[in-house]
Each structure stands twice: as structure tokens, then as C-alpha cells.
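Let's take a walk through this model together.

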Amino acid sequence: MDKAIIAILGHDRPGIVAAVSKILFARDCNIENVSQTTLQFIFAGIFIISMPADLSEESLRQTLTAALAPLGLDVHITLFEAMTTPVSPPQSESYIVTTKGPDRKGLVAGISEVIARFEGNITNLQAVFKGGDDPGDNIMIYEVDVPPQTDQQALYQELKKRAQELALDIDIQHRNIFEAIHRI
Amino acid sequence: MLSQREILSTLEMLKNENLDVRTVTLGINLLDCASQNLEKLTRKIRTRITHYAANLVSACNHIGQKYGIPVVNKRIAVSPIAAVGAAMSSTQMVAVARVLDEAAEAVDVDFIGGFSALVEKGMARGDMALLEAIPQALTETQRVCASVNVASTKAGINMDAVLRMGQAIKQAAQLTADCDGIACAKLCVFANIPQDIPFMAGAYLGIGEADAVINVGVSGPGVVKNALERALDTNDQLDLGQLSEIIKKTAYKVTRVGELIGREVADYLNIRFGVVDLSLAPTPNVGDSVGEIFQSLGLLSIGVPGTTAALALINDAVKKGGAFASSRVGGLSGAFIPVSEDLNISEAARKGYIGLDKLEAITAVCSVGLDMIALPGDTTAETIAAIMADEMAIGVINNKTTATRLIPVPGKKAGDSAFFGGLLGQSTIISVNNGHNPNPFVRRGGLIPAPLQSLTN
């Protein structure tokens, strides 16, 4: 059975998830995972579905587009082969990198370049830039998986150096501290 | 996925509210170092301490950086030296203290506790030698801390030991007169001393403990104060039950931090993890004060009517939150009221809001006791012993730990200022009622019997 990733983008409004899932149900698709978020006023939703053998990608795209375009929503579908054996994620330590500082262009690019250079995998990024010089208005929070072979001291130092260049205040902490404090 | 609120509130606690791990204390058992030969004894002690503690500071720094939590102090607690060096004379005990000091310096810890004796029921030869050595030992060393347990609920109060400690405190103050009697700041006298305190000056490794153990002291008065003020900013009609709940939840978070760091340091050093001591321990920094919590709760200052009730509320909430957060809670676990070490309490003493009588009263509901209290230099040894006896009685009768850390500041009188420096802070000297008259009561000596454990009203 083929699987597909469906991405829905557009102005947020009530009923988007209901509209998409209604169509998928009607076309005998099974929703396996959904993630959605709203950035400012834009809805972004990603659905991973399994499709029945007699349903084509093109047919599903046409159905979804016909229903969702009037709502101002873009639809993107990509098929991929179902994996027969699950792939274990590589061993890593999870760190939280938080920055605060005046807004300017190139902040995400600057920090993420260092993380990538040390083979860190950004598993989640929350960034809010309201503009201006108030550090509390401009925050980036990266969740980063760092492989065991990475020189953590060097990563720390490079991130701090880059943050200084970008006039950012940076904190790098193992994820467990947040879970210990906030979760039972 | 962590929420933005979880991450930012943690950072706020760390960066602006002085959340830290106040101390990671490595307990080291020295009992099998015992020898009748001073040279052999000190060699074994030095080797044992430098072996176990070689990587303590680097481990704490490494784990602290990993979690972004500073481990402020790294310390060592050893078996009671009165037992380890039972065969030593008082002069030799001073030599042992010097070796402890050197070993502590070699592994870069700021304090080493355990120059201690347990004499609640009687004094053995080694205990007598240690008590006699305390003033000189604390004068000659920088990092050694001493503690003497003179009372317990099971044994009563050893008044002979209490009087001796009064004399030892006077002597230690005189020997360090040029530093306002600072040797006394490294000396605690206890009732019901716990075996696993990580905080100085009372830390020692109990007889019933393992070869080595990591105990952790967490703090966080600033975090508690800010949590209360945030809640009251949102709703200033919160009642005391609701405020207690806020303290409880905050204590939970603070304790979880301590447990996480402690366990990780213990794993890193391959040493067993002991306990988290979930005390609110202030420093002389703005925003790191236990005294300020009283003001957040609505009191003019610590010391005014309502203080004992407020402290009972705080202490109970801290214990409840901490006990839920960790199954390995021990040590003192409560709110400390060290006068000179807390800017706000020191200021309350200066303004006359709090005096010796009220300080003694509130120790009935908090940990630990009359802590870091500067007294007039002419306070007699008998009077100091009598103050200690009063404090011990509170602990013995209420089945809790109490202690004193009293400093009769040579050449200074009530109202003057005493300066101890660093974490020890400074304080206005508090007057003592009838402080230099004879006190035949404490001179009688003997043992105040252990109290009845029923008929508890």
C-alpha cells in the first residue's frame, strides 16, 4: 500500500482539518500521522496517509484541490513507498539551544549553520521574531539531537562565538533538565 | 516536544531567580584510616580524600555545563574525626585538621566538614581531644568545618559538652579576633544531627553510611519569592492555602534539579547517590533571600508578629514539594535563617525587627537553628552555653534537628557590625539579655534526661 504526505497551507480559519479529513475518509484513506501549526495567521498541516490501491495520486490531488482551493488553501501531495522495516533513530543526546537578542536577518541561518557543521539534527525549531531590540521579543528555541561522536565542547564554543557575532544571548542545555523540572 | 513556556520559565529561574545547585558534597568514609600513629593516620586520610575527590570538581563543572545549572560549591564531608582519630591527643587532632585542609585544597573544594564528634550521651577520649582542638584547628585552617552533636531526643542534652562548646566558641573567637571571630562561623553545635547533611558547616559522613556517597543541597529562595510574586501579581486575593500550594510546586521543581544533577554526578564518579537536601539556603545577594519571602507573603519584615506562622507554612510546603520530587530526601531539608548570610534578615536585625528571642522562637518550626548570629564580644562562655542549651532543648523536645552557629565578636558590642566576607556575609551584632552575668545553671553540668515520647502536649 502506498503512502502519501499531504501538506495544506493557507490562511487559518475554522474547519480546515475537518474538511481535509472528511475527504480522506470519503476516499478510503487512513490518516497515520498529523502535525499542524499556525505561524502568525498561516495554517500549515502535514498529514501522512496510507492510500487504497485503486486511488491515484492525481485523483486525490484533484479532489482535495477542488474542495480546498475555494477556502484559500494550497495542497501538495507526495507519494512514497511504505517502509517494510522500521528504521531506528541514530543514538544521540538531545539538547535545547535558546537564543534571545535584537532582531536582524540571518539569525536562523547563522545558528543552524553551526549546528549542521557539527552534525546536529534540528528536530524542532520555534522562532518568534516580533522585531525591535527587546530580546524577549525575539526568541529562537532549537531542539537538537547531537550524535555521540560530536565534540560537545567545540560545539558549545562555536555556538557561543556565533551568538556573540549575532549579538544574541544563548543557552545550551540538555533536554532532561526541562523534563525533570516540568514533567512528572 | 517541549513547550516554549517550559523552556523560558526554566531559563527565567536560572538566570534571574538564582536557581542553582548550592552544593554537591562528597561523603568519604575514613573509619578504616584509624591508627595510633599520627603519620600513618594522616597519610591514609590524605590518600583516601585525594583518591575519591580527585575528579569531584571537574565532574560537577561538566554536569553543570551540560544542564546549564551552576553547581556553586563542591565540598567534602568525612567520618567524624573524633572517631577516626580516637587515639590522638588534642595537639595531634590539630595536625589532622591541617591535613584535611591540605587535602581539600589539593582537590579544590572550598570546605571539608567532619571535624566532628557525637557526644550527646557522653564524651570519650577522642571526643575530648577533638573538642579541645577545635579552636586552634579552625584558626589554623581555611576550609575545615567542625560540628558537635551535644543532644538528641533519645539521649537528652549533655550539658558538660554544651558548656565545653561554649568555652570552645569563646576561645575560637578570641583566636580569630582580627577577623571578627570568623573561626566560629565554621563551627556548628547540634541536637539530632542528621548523618547526611551536604551543607556546611554541619556536614559530616555518618557512621552508618557507605564508603563514599554524593549528597546534594539545593536552594532557591529567589525562585520561591518570584513564584509567589508572579502569582500575586495575577491575583492578589490568593489565600495562604493557595500560596502554600505555589511554594510546594516551586520546591518540587527545585528539588528535581538537585536530584538530576546529583544522580548524574554520582554516576559520572561511579559513587552511590545519597540524598537531596531540599533546604532554602540564602546568600548575601539581592534576590537570594529567605527573608524576602516573608515580605512577599505580606509581612513587614521577618521578625514581626506572624513570622513563626509564615515560616511554618513555608517550611511545610518546601518539604511537601521536595518529598514528592525525590524519594531520596535527607539532610536538614527546610528553610535556613542564617542572619549574616541573608541580606534581608541581616537588615531586619539592624532595624530591630528581629532579635535573639524571636530567632529562637522560629527555630521551633524551621531548620535549623540560631545560625550565623553575631553576639557582643563580652558574652560569656556560660551565656553562650545557655543559649545553646535552650536551642538544643527545642530540638530534643520537638524531635527535630536544631543547631547553633554563634559568633561572639571580640571587642564589639550590640549594634556594631561584624564582617565575615563572601557567603558568610555581614551582620549587626544582636544584643543578649543578661549576656555577661554568671549562669550557675549551665555550670551544674550533667545530662538533661531524654524526654518522654508520649503525653506530647
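This is a predicted model: local features need pLDDT of at least 70, side-chain atom pairs count only at pLDDT 80 or more; totals for chains, interfaces and linings use all residues.

In chain A, an open sheet is built from 4 strands, ordered β6-β7-β5-β8, with antiparallel pairing. Which strands stand at the edges? They are β6 and β8 of chain A; each has a single partner strand, so one side of each has no neighbour in the sheet. Direction ignored, neighbouring strands here are turned by 10° against each other on average. As for what holds such an arrangement together, strands of a sheet pair through backbone hydrogen bonds, in either a parallel or an antiparallel way.

Now bring the other chain into view. What packs on this sheet is a helix from chain B: α1 (residues 4-16), which touches β5, β6, β7 and β8 of chain A. The direction of α1 of chain B makes about 75° with that of β5(A).

Let's look at the meeting of the two chains as a whole. On the chain A side 16 residues take part, in contact with 15 residues of chain B. Several elements of chain A supply at least two residues each to that side: β5 (93-100), β6 (121-129), β7 (138-146), β8 (169-174) and α5 (176-182). Of these, α5(A) gives the most, with 6 residues. If you colour the chain A side by residue class, you get 7 nonpolar, 7 polar and 2 charged residues.

On to chain B itself. Chain B has 15 helices and 13 strands. Its radius of gyration is 21 Å, close to the 23 Å that the globule rule gives for 457 residues, so chain B is as compact as a globular protein of that length. Taken along the principal axes, the C-alpha atoms of chain B fill a box of roughly 60 × 50 × 45 Å. Buried residues account for 60% of the 457 residues in chain B.

How is chain B divided up? The domain assignment gives domain 1 (20-191) and domain 2 (219-260 + 285-448). The C-alpha centres of these two domains of chain B lie 23 Å apart. Where they meet, 34 residues of domain 1 are in contact with 37 residues of domain 2. On the domain 1 side, the elements that each supply at least two residues are β1 (21-28), β4 (144-152), β5 (156-158), α7 (159-175) and β6 (187-191) of chain B. The largest share of that side comes from α7(B), with 11 residues. By class, the domain 1 side has 21 nonpolar, 8 polar and 5 charged residues.

To finish, zoom in on one residue of chain B. T428(B) lies in strand β12 (residues 426-428). Is T428(B) buried or exposed? T428(B) has 20 C-beta neighbours inside 10 Å, so it counts as buried. Setting aside neighbours within four places in sequence, T428(B) is in contact with S346(B), A349(B), R350(B), G415(B) and S417(B). For a sense of distance, T307(B) is 121 residues from T428(B) in sequence, and their C-alpha atoms are 20 Å apart in space.

Methods:
Residues are numbered from 1 along each chain as its sequence is written. Chains are lettered from A and ligands numbered from 1 in the order in which they are written. Two residues are in contact if their C-beta atoms, placed from the backbone, lie within 7 Å. Ala, Val, Leu, Ile, Met, Phe, Trp, Tyr, Cys and Pro count as nonpolar, Asp, Glu, Lys and Arg as charged, and the others, Gly among them, as polar. Two strands pair if DSSP finds at least two bridges between them. Axes are lines fitted to C-alpha atoms, for helices over the stretch in contact, and angles run from 0 to 180 degrees between N-to-C directions. The radius of gyration is taken over C-alpha atoms; the globule rule is 2.2 Å times the number of residues to the power 0.38. A residue is buried if 20 or more other C-beta atoms lie within 10 Å of its own, exposed if 12 or fewer, and partly exposed in between; C-beta atoms are placed from the backbone. Domain bounds come from an automatic or database domain assignment.
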